[in-house]
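Hi everyone, thanks for coming.

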Amino acid sequence: MIVVYFLASLLMSTVSAGRAADLVGTWTTKSRAVVTGPGFYDPVEDRFIEPKLTGISFSFTDDGHFEQAFYRAISNPQDPACPQGIMQWQHGTYTVGSDGSLRLEPIAVDGRQLLSDPCSSSKGTYIRYNQTEKYTSFTVAVDPYYDSTRLDLYSFDGSPIHPMYLAYRPPEMLPTITLNAITSGKAKRHLDRDTDSSFDVQKLVSKDDLVDPDRWLWAGVVMSVMGGVALFFS
Ligand SMILES: *[C@@H]1O[C@H](CO)[C@@H](O)[C@H](O)[C@H]1NC(C)=O
């Protein structure tokens, strides 16, 4: 599979090398269930709004701001019937390096994480989240299968994260300023302690958007190309 990912990434990068202007917009995984902006995190009430399905979303402005939303299920090998769920949100500024890398620098006081463990507690754990992220490269290309523009971000080890598709351009985002200032009254009440806004991760297991079949599409495309080459030379 690693070889296939590598070949798929070569294929995509020949389609389009990443330029900062290509990033502008809101990107989301295939189900479109997770989208940055007020539908995911409510900064006035300082709480998350649980999406119907797991997924990830990134937004980028043309003046260097980003926003990021994650909703993931974490499997529990000891007890497969008891997955945890995690929601994460942060925003801040981004830079594209001369080497094509992408660096996300969050506003530390604004990020939030909610960890839900329904089998051991009815309450979730709500804390600050502050995670600088670096991607070695990215590609933007038209995905012929979904007939939409696709963003791939590559981690430090060269592996792609889940592909995202363009949902909005211009992006759908919360204000890019530091929000903690405007939420300070209510925010302090919730933070760093258990919250009632736990969520139901049980239902996610069978519908997890992040078990993403379109990896298999690209694998299929590459296999076909390789099959063709193999035939040609045989
Ligand atoms: C946020 O993360 C950065 C990078 O890891 C770190 O330098 C900074 O001290 C953190 N800030 C807070 C408030 O935790």
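This is a predicted model: local features need pLDDT of at least 70, side-chain atom pairs count only at pLDDT 80 or more; totals for chains, interfaces and linings use all residues.

The protein has 234 residues, and buried ones make up 46% of them. If you count up the secondary structure, you get four helices and 14 strands. Now think about contacts between residues with a separation of 6 or more: 67% of those are between residues 24 or more positions apart.

Okay, on to the inside. As a bit of background, nonpolar side chains in soluble globular proteins tend to be buried together. Here the largest nonpolar core has 19 residues. Which of them touch the most other members? Those are Phe58, Phe60, Leu102, Leu104, Leu151, Leu153 and Met164. The elements giving two or more residues to this core are β4 (55-60), β5, β7 (102-106), β11 (137-143), β12 (148-154) and β13 (164-168). The largest share comes from β4, with three residues.

Leaving out residues up to four places away in sequence, Phe60 touches quite a list, including Trp27, Phe66, Tyr94, Leu102, Leu104, Leu151 and Pro171. There's also a second, separate core, made of twelve residues, and Phe40, Phe48, Met87 and Leu174 are among them.

Next, the disulfide. The count is one, and the partners are Cys82 and Cys119, with sulfur atoms 1.9 Å apart. Where do the two cysteines sit in the chain? Cys82 is in the loop between β5 (65-74) and β6 (84-96), while Cys119 is in the loop between β8 (112-116) and β9 (124-128). They're 37 residues apart, so this pair links distant parts of the chain. The S-S torsion is about -90 degrees, which means the disulfide is left-handed.

You'll see Thr36 in the loop between β1 (25-28) and β2 (41-42). Is Thr36 buried or exposed? Thr36 is buried, with a relative accessible area of 1%. So what does the Thr36 side chain meet in there? One partner is the side chain of Ser59, through a polar contact of 2.6 Å. Another is the backbone oxygen of Glu172, 2.8 Å from a polar atom of the Thr36 side chain. If we set aside the neighbours within four places in sequence, the contacts of Thr36 include Thr26, Ser57, Phe58, Glu67, Gln68 and Ala69.

Asp143 is another one to look at, over in strand β11. Asp143 counts as buried, at 0% relative accessibility. The side chain of Asp143 reaches the backbone nitrogen of Tyr145 at 2.9 Å.

In general, most residues other than glycine have a negative phi, and most peptide bonds are trans. Here, the peptide bond from Arg169 to Pro170 is cis, with omega near 5 degrees. Pro170 is in the loop between β13 and α3 (180-190). Arg32 has a positive phi, near 60 degrees; that residue is in the loop between β1 and β2 and is partly exposed, at 46% relative accessible area. Asp46 has a positive phi too, near 50 degrees, in the loop between β2 and β3 (47-48). Asp46 counts as buried, at 1% relative accessibility.

Last stop, the ligand. Which residues are around the ligand? They are Ala108, Asn130 and Thr132. An oxygen atom of the ligand is 2.4 Å from an N or O atom in the side chain of Asn130. The ligand has 360 Å² of accessible area on its own, and the protein covers 29% of that.

That's my tour, and I'm happy to go back to any part of it.

Notes: Residues are numbered from 1 along each chain as its sequence is written. Side-chain values use heavy atoms; hydrogens and water are left out. A residue is near a molecule or strand if one of its heavy atoms lies within 4 Å of it. A polar contact is a pair of N or O atoms within 3.5 Å; within protein, one must be able to donate a hydrogen and the other to accept it, and residues adjacent in sequence count only if both atoms are side-chain atoms. Accessible areas come from the Shrake-Rupley method with a 1.4 Å probe; for residues, only the protein chains shown count as cover. Buried means under 20% relative accessible area, exposed over 50%, partly exposed in between (1.4 Å probe, protein chains only). Contact means heavy atoms within 4.5 Å. A disulfide is a pair of cysteine sulfur atoms within 2.5 Å. A nonpolar core is a set of buried Ala, Val, Leu, Ile, Met, Phe, Trp, Tyr and Cys residues joined through side-chain atoms within 4.5 Å.
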